[in-house]
Amino acid sequence: MKTVQDYMNDPRILTDPGLMAAPEELREIHAIRLKQYDETAGMSAAEKSAYYRQKAAVLFAGTGTAPEIVNYAGQGKLKQGLL
C-alpha cells in the first residue's frame with residue numbers, strides 16, 4: 001500500500017504546475033485525497049461506507065476515545081455510540 005509520501009512524488013502532483021507552486025501543506029492534502037481516491041476506486045457505496053467506518057474505528061481506538069452520537073429522538077442529547 002502506498003504511503004502519503006509516495007503520493008507526494010506521484011506524477012499527478014509533480015506535473016501539475018499549480019500544485020508545485022502551492023505551499024507544501026496543500027500538496028500534502030492533495031496527496032491524501034489521491035490516496036483515498038485510489039484506495040476506494042471501484043467500491044460500491046456500501047463498501048466505501050464500511051471502509052470509512054473501519055478507518056474511523058481505528059482512529060478512535062488509537063486516541064482512546066469514542067464517537068459522540070446525537071440522538072435526535074432524545075432531544076439531541078449526546079451519547080457514546082458505535083459508528
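Reply: Happy to. First, the ground rules: this is a predicted model, so local features need pLDDT of at least 70 and side-chain atom pairs count only at pLDDT 80 or more, while totals for chains, interfaces and linings use all residues. Residues are numbered from 1 along each chain as its sequence is written, and side-chain values use heavy atoms, with hydrogens and water left out.

Some context for the helix comes next. The chain has five helices and two strands (DSSP runs numbered from the N terminus: H or I of at least four residues for helices, E of at least two for strands), and along the sequence these follow the pattern α-α-α-α-α-β-β. Of the 83 residues, 17% count as buried; here buried means under 20% relative accessible area, exposed over 50%, and partly exposed in between, with a 1.4 Å probe and protein chains only. The accessible surface comes to about 6,200 Å², with 60% of it belonging to carbon and sulfur atoms (Shrake-Rupley method, 1.4 Å probe; for residues, only the protein chains shown count as cover). Taking contacts (heavy atoms within 4.5 Å) between residues at least 6 apart in sequence, 25% join residues at least 24 apart.

Now to the packing. The largest nonpolar core has six residues, namely Tyr-7, Met-8, Ile-13, Leu-19, Ala-31 and Leu-34; such a core is a set of buried Ala, Val, Leu, Ile, Met, Phe, Trp, Tyr and Cys residues joined through side-chain atoms within 4.5 Å.

Which charged pairs lie along the helix? Arg-27 and Glu-24 form a salt bridge, their closest N and O atoms being 2.5 Å apart (the rule is a side-chain nitrogen of Lys or Arg within 4 Å of a carboxyl oxygen of Asp or Glu). These two are three residues apart in helix 4, so about one helical turn separates them. Arg-27 counts as buried because its relative accessibility is 13%, whereas Glu-24, at 43%, counts as partly exposed. Further along, Glu-39 and Lys-35 also form a salt bridge, again with 2.5 Å between the closest N and O atoms. Being four residues apart in helix 4, Glu-39 and Lys-35 are likewise separated by about one helical turn, and both are buried.

Salt bridges that share partners also join Lys-2, Asp-10, Arg-12 and Asp-38 into one network. In it, Asp-10 and Lys-2 meet at 3.4 Å, N to O. Asp-10 counts as buried because its relative accessibility is 6%, while Lys-2 counts as partly exposed at 38%. Altogether the count comes to five salt bridges.

Finally, look at Thr-40, which is found in helix 4. Its relative accessible area is 4%, so Thr-40 is buried. Setting aside residues up to four places away in sequence, Thr-40 touches Lys-48, Tyr-51 and Tyr-52. The count of aromatic pairs comes to one, and Tyr-51 and Tyr-52 form it: edge-to-face, 5.0 Å centre to centre, 75° between the planes. Rings of Phe, Tyr and Trp (its six-membered ring) pair if their centres lie within 6.5 Å, with planes under 30 degrees apart counted as stacked, over 60 as edge-to-face and the rest as tilted. Of the two partners, Tyr-51 is buried at 15% relative accessible area, and Tyr-52 is partly exposed at 38%.
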